[in-house]
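Colleague: I'd like to learn how to read a model like this one. Could you take me through some features, one at a time?

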Amino acid sequence: MTTRPGLDDERVRQWVAAMPPRWLRWVLVTLVAGAFGFSVLGDTQPCSTADPTVCGPDPLFSVAIVFCIGSAVLLWWRPYVAVACAVVFAIIDLAYDDVWQANVAWPIVAAAYVAYAVRLLRARSRQRAIAAAASVPLPPRPHAPSRPLHWDGTHRLMAAAALGLLLLSGGALWGYEQALASDAEHEARSEVVEGTVLSPPDDDYLQRVRLDRRPEGFPTEVEVEFFDESPVGQVVQLRVDPRDPGWTHPTGEPPDRTWWLTISVGALLLAALLAERVVALRVRRGVLESRQATTGIPVRVFTDGLEFVGVVALDSTRGLAEFPVDETLLLDTPEARRVAAPSEGMLIGDVRDGGWVALAGPDGIRLPTGPLIALPPDSQVDLDSFDRDPDDPLDWSDPVPAGSEPMPLPVDIVPPVWRRALGGLVCVAALALGGWLLWDPEVGWSGVAVVLAGAGAFEWGLEQVVSRATVSQNGFDVVTVLRRVTSPMGAVRDVRVDDETALVIFDDESVLDVSPPDGDHHALAAAIQRAVETAPPVPDGTAPQSRLAPSAFLLAAGVLTLAGVWLAQLLG
């Protein structure tokens, strides 16, 4: 049993294992989908002209469906809010839904969600207990002036999104009221006529109906969408507006504008959640900043791109959790030092999944910009990777192995014939298919996506056709879609290998990676290394020469062709 302080391997394993299995969330989502399907199958009451409310608008359901969707979507982000959504939807269903299948299914779903919430509470209580057992007393922290909160891009975006969603919610509510007012005007002018169904539903679920008696100037045939498909030849009653043939619907199926309510309530809920997170950031950081913590938990930490602090066991590479950060605050020195990785530190705060913690060290406290996020079970952190500089190839590549037999130069590296042929076919298909789709009169603004997809496919195909690299005794000649790069062999400073690639490092710090066709990158690297040894010297700092490749003009022509076809159709 662990007795020493700190989060060692055993405590980290217990802490992570306390969390409910991740697959439970998918079980809950499956229950929601099953309950919804079971409820729909149980609602077999047909539409009725005598009682239009059977298939008519249901504002309460349009509001409640937000909670149904939220119960599934929010499980990953805000699990307790998802549980509340499931319970609220079940209560609304029991109170207002007369379909017994729904009355049975949704309380079962709500009960499963409540059980999941209890499991979460127990897990977080267990995590707090493990963290408390690992804590040690902290010496008093020297006072340091706090600095204003640096709003990171994520939370600025959250605040802007919350405001935008709030405006969207209000706009959707206004749109709902306007739609109701418009329907009231149509209703006041409308009259009921009979018609005969002439066709089955088309791709847009519309059926043609011939009117037996129609208002003066009204079309003889109209297209109508039925909630329940009407068989061909059936006589139906329609409510029509003599002034507006577009406002025509079965008398038992009034127009449903309540989807505006769904948008309004959904946007309002999401805005509230985003705003709560932004407010919580300021409040939680203020508490961590002002409270004089008396205990802390020894851990090892690492940084992830200076945006996340990760927590790993003291005596192993087992990962515990991570939390986002922005900058080091409360420093005793004027320098804003970053946390080294890996290094030891003290966690203070609520050390549980979803809790807010800070990292205390000799130089001050690093405050979070988000809650603690538990890593998956058995996560292992490659601590050796922190010693590697991704911008320095010497850190992540290897020298050419001694004894490697050089291959004869020159070497031409080109895609195989089948790949170049495929690239040519893709180029032709991108222009032909893209042009055909863009010439559709209904393409509209979706043509932007078609142009981008066609341009991407054309660029890929052209890359297969034109790309090549030649390594000779004198230097390099590399051609891509956009550029042609040449360099003398004397400008090479070092030759390395990485995976299946030979790396050529030039005097100006640029790097060229070359993969030989036969896969023997060691032999190619050895050949380049030998050529460098015998190459005539060049002035220091000589850089590879780069110029625009002819194929760049082909690429531009292809993209402009697609864009031109789309604009011609859009503006014509």
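Modeller: Gladly. Arginine 128 is partly exposed, because its relative accessible area is 40%. Buried means under 20% relative accessible area, exposed means over 50%, and partly exposed lies in between (1.4 Å probe, protein chains only). Please keep in mind that this is a predicted model, in which local features need pLDDT of at least 70 and side-chain atom pairs count only at pLDDT 80 or more, while totals for chains, interfaces and linings use all residues. Residues are numbered from 1 along each chain as its sequence is written, and side-chain values use heavy atoms, with hydrogens and water left out.

Colleague: Which side chain does arginine 128 meet in a salt bridge?

Modeller: Side chains of opposite charge can pair when their charged atoms come close. A salt bridge here is a side-chain nitrogen of Lys or Arg within 4 Å of a carboxyl oxygen of Asp or Glu. Arginine 128 pairs with aspartate 350, at 2.8 Å from N to O. The two come from distant parts of the chain, 222 residues apart: arginine 128 is in helix H5 (residues 100-133), and aspartate 350 is in the loop between strand S10 (343-349) and strand S11 (357-361). Helices (H or I, at least four residues) and strands (E, at least two) are DSSP runs, numbered from the N terminus.

Colleague: Which arginine pairs with glutamate 187?

Modeller: That is arginine 239, with 3.5 Å between the closest N and O atoms. This pair also links distant parts of the chain: arginine 239 sits in strand S5 (residues 235-241) and glutamate 187 in helix H6 (residues 153-189), 52 residues apart. Arginine 239 has a relative accessible area of 21%, so it is partly exposed. Glutamate 187, at 38%, counts as partly exposed too.

Colleague: Is arginine 352 buried or exposed?

Modeller: Arginine 352 counts as buried because its relative accessibility is 13%. It forms a salt bridge with aspartate 350, whose closest N and O atoms are 2.8 Å apart. Elsewhere, salt bridges that share partners join Asp9, Arg318 and Asp378 into one network. A search of the whole structure finds 14 salt bridges.

Colleague: How do I read a surface patch, and which residues make the nonpolar one?

Modeller: Patches are made of residues with over 30% relative accessible area and no salt bridge; like charges are joined within 9 Å, and nonpolar side chains (Val, Leu, Ile, Met, Phe, Trp, Tyr) within 5 Å. Here Trp445, Val448, Leu452, Leu567, Leu570 and Leu571 make a nonpolar patch of about 650 Å². Two or more residues come from each of helix H10 (447-466) and helix H12 (550-571). H12 gives the most, with 3 residues. Leucine 452 is in helix H10, and it counts as exposed because its relative accessibility is 59%.

Colleague: What does leucine 437 touch?

Modeller: A contact means heavy atoms within 4.5 Å. Leaving out residues up to four places away in sequence, leucine 437 touches Val443 and Val450. Leucine 437 belongs to helix H9 (residues 417-438), and at 36% relative accessibility it counts as partly exposed.

Colleague: And how many helices and strands does the protein have?

Modeller: There are 12 helices and 22 strands. Of the 572 residues, 41% are buried. Among contacts with a separation of 6 or more, 69% join residues 24 or more positions apart.

Methods
Accessible areas come from the Shrake-Rupley method with a 1.4 Å probe; for residues, only the protein chains shown count as cover.
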